[in-house]
Amino acid sequence: MLNRVSNSSSDLNIVFRLDSSSVIGFGHLMRSLTLAAEFKQRGANCFFICRDLPGNNSSLVIRAGFELLRLPIHHDATTEFGQSDIRHHAWLGTTWLNDINQCTPYFRKLKPVLIVVDHYALGADWETRAKFFCQRLAVIDDLADRRHECDFLLDYNLSVSQQDYSSRVGKHCLRLFGGKYVLLRQEFANWRSQSIARRKDNTLSRILVTFGATDSDNNSEQVLKVLNAVNLPALTRIDVVISSKASWLASVRAYASTMAVETHLHTDISNMAELITAADLAIGSGGGSTYERLFLKLPSLLMPIADNQITPLQRMSQDGLFELFYTFDELWQKLMKYHTLPLPKVSASVLFGAPFVSALLLAETVTLADVKPWDVRRNYHWLQQQSLRQQFVLSAKPERSNHIKYWRHLLAAPEQYVFSILSNRCHVGSLGVKNIDEQAKEAEIWIYLGHSDERNRGVGSKALLLLEEFVKQTLLMQSIVLHVAKDNTHAQSFYYKHHYRLSNTALPDAFKGKDVLQMRKKL
């Protein structure tokens with residue numbers, strides 16, 4: 001039976017298709033709710049289609065103020081049909097064909113601008129059918145184990161590469177890969193400065209234990225036993241986060257009451273960012289909470305608890321983002337070293353990506369995308385134009401080898417962000433952010449259009465607005481600085497129109513002795 005769908009107050013309808021359960025966990029639900037909150041800020045109506053699986057937490061959709069459209073569970077469903085190429089097909093609770101047929105009436109009713117799919121059991125077959133009912137379709141994935149038919153693919157694993165999906169999505173698909181697209185709730189942005197400031201103290205006085213909402217293997221209790229045995233001298237408090245739906249909750253609560261160190265059990269919390277900020281060390285699993293801890297710079301000891309966590313966690317551990325353990329004896333050994341050694345410092349390229357992701361998914365003709373190899377070649381050909389070189393105060397044509405070397409360095413630089421400007425999915429220019437000053441909350445931007453046909457058509461303005469949003473909402477900066485040639489009156493007029501004003505601050509060394517003006521804007 002079709003759930004009643006309320007009349008929307010906007011034509012901007014967005015439908016999410018995802019599930020939660022005791023097997024799936026709550027991670028897909030939580031990250032999609034984060035994205036939906038950003039869409040809501042932009043005037044969209046968000047609807048969640050979720051199957052009524054055992055142990056689900058779909059009620060969070062209603063608590064967050066969104067409309068929940070429930071699909072029934074089919075206890076006698078033949079889940080093998082049409083699912084042989086998808087490893088997690090059984091998580092769907094039915095066949096993909098039955099699922100899309102049940103979703104279709106909602107799609108017809110809502111006429112969504114965008115459908116967002118966040119489900120390991122759904123792939124290209126389901127998505128191909130769904131695309132008939134929307135203007136665009138986005139997939140959130142982190143497995144790279146099946147084909148997708150989508151307009152956008154979001155995978156914010158720090159270990160993801162273009163090759164992971166090279167044969168799994170079409171060339172038209174815009175790929176949002178890596179840490180600048182991480183979906184984090186607003187509370188994490190609110191606590192970031194305080195959390196980073198707290199890391200200056202290396203005393204291990206407070207530990208946060210979190211193995212996901214369900215913790216089906218009761219890892220939390222095993223960690224408490226290790227902490228009882230290791231006897232860290234400065235440890236004064238332990239916080240354990242777990243769901244009220246966890247099957248081991250009573251056992252964990254009972255053991256926590258016997259701990260020698262003050263131990264607090266938290267269920268169904270809404271202040272995870274505050275708990276991470278208050279902690280000196282986290283002990284837990286992978287999943288979405290990994291990025292929450294990295295964003296707030298909390299040192300962590302992590303244990304992979306699912307097959308799909310092993311490879312990305314190993315890659316990130318090799319980069320020094322945290323330490324891994326595989327047995328509780330190994331955890332004991334790693335904790336013992338903190339009797340004498342200081343806690344490590346965390347440095348990870350994890351940004352507050354949800355506002356930027358929502359902006360890109362809803363952008364119309366002009367959008368931003370990560371730079372591709374062919375984009376670098378186009379930039380080289382564009383810079384053969386003298387007028388374009390003058391914008392960058394370049395006197396000579398770049399040599400191809402030096403140009404490629406420069407762009408390789410630019411794209412690999414951890415504190416710079418570069419995007420291609422797309423107009424109707426065609427690369428027409430480039431822009432970026434550099435010289436990010438965390439203390440002054442200021443960043444420098446640059447922008448140019450290589451296609452002369454795209455000038456004076458609003459492309460530059462739309463691209464600049466997207467970049468400004470990235471600087472303000474994702475990098476959490478408060479002002480922008482840029483440099484423009486004194487004789488480039490067209491560019492000066494363009495920036496002035498967008499509320500940039502001349503600055504009297506001394507030019508940086510890179511521009512001294514050159515005919516350059518500096519302009520600034522408060523965001």
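**Helix α13**

I began with helix α13, where P373 and W374 are exposed on one side; I count a residue as exposed over 50% relative accessible area, as buried under 20% and as partly exposed in between, with a 1.4 Å probe and protein chains only. The model is a predicted one, in which local features need pLDDT of at least 70 and side-chain atom pairs count only at pLDDT 80 or more, while totals for chains, interfaces and linings use all residues. Residues are numbered from 1 along each chain as its sequence is written, and side-chain values use heavy atoms, with hydrogens and water left out.

Helix α13 covers residues 373-382, and its buried residues are D375, V376, N379, Y380 and W382. Viewed down the axis of α13, these buried residues fall within an arc of 165°, so they line one face of the helix. The arc is that of the directions from the helix axis to the C-beta atoms. For reference, an α-helix has 3.6 residues a turn, so residues three or four places apart point the same way. Helices (H or I, at least four residues) and strands (E, at least two) are taken as DSSP runs and numbered from the N terminus.

**Charges over rings**

I then looked up W374 again: the charged end of R377 sits over its ring, 4.4 Å from the centre. A charge is placed over a ring if NZ of Lys or CZ of Arg is within 6 Å of the ring centre and within 35 degrees of the ring normal. I noted a further case in R192, whose charged end sits over the ring of F295, 4.4 Å from its centre.

**Aromatic pairs**

How many aromatic pairs does the structure hold? I found 20 aromatic pairs. Rings of Phe, Tyr and Trp (its six-membered ring) pair if their centres lie within 6.5 Å; planes under 30 degrees apart count as stacked, over 60 as edge-to-face and the rest as tilted.

I examined F16 and F39, a tilted pair with 6.2 Å centre to centre and 50° between the planes. F16 belongs to strand β1 (residues 13-18) and F39 to helix α1 (residues 27-41), so this pair ties together parts that are 23 residues apart in sequence. Both F16 and F39 are buried.

I next examined F356 and F470, which form a tilted pair at 4.8 Å centre to centre, with 55° between the planes. Because F356 lies in helix α12 (residues 354-362) and F470 in helix α16 (residues 459-474), the pair ties together parts that are 114 residues apart in sequence. F356 counts as buried at 0% relative accessibility, and F470 counts as buried at 0% relative accessibility. I recorded one aromatic cluster formed by Y181, F356, Y417, F419 and F470.

**Strand β18**

Is strand β18 enclosed or open? I found 7 of the 7 residues of β18 buried, so the strand is largely enclosed by the rest of the structure. S479, V481, H483 and A485 point one way from β18, whereas I480, L482 and V484 point the other way.

For its neighbours I required at least two DSSP bridges between two strands to call them paired. Strand β17 (residues 442-449) runs parallel to β18 and is joined to it by 3 bridges; here A443 stands opposite I480. Strand β20 (residues 516-522) pairs with β18 in the antiparallel sense over 7 bridges, with K522 of β20 opposite S479.

**Positive phi**

I looked up L476 in the loop between α16 and β18 (479-485). Its phi is near 60°, a positive value in a residue other than glycine, and L476 is partly exposed, with a relative accessible area of 22%.

N218 also has a positive phi, of about 60°, although it is not a glycine. I located N218 in the loop between β8 (206-210) and α6 (219-230). N218 counts as buried at 5% relative accessibility.

**Cysteines**

I searched the whole structure for disulfides and found 0, a disulfide being a pair of cysteine sulfur atoms within 2.5 Å. C46 is in no disulfide, and its nearest cysteine sulfur, that of C50, is 12 Å away. C46 counts as buried at 4% relative accessibility. C173 is in no disulfide either; its nearest cysteine sulfur, that of C150, is 3.8 Å away. At 1% relative accessibility, C173 counts as buried.

**Helix α3**

My last entry concerns T104 in helix α3 (residues 96-110). T104 is buried, with a relative accessible area of 13%. From T104 to F133 I noted 29 residues in sequence and 8.0 Å in space, C-alpha to C-alpha.
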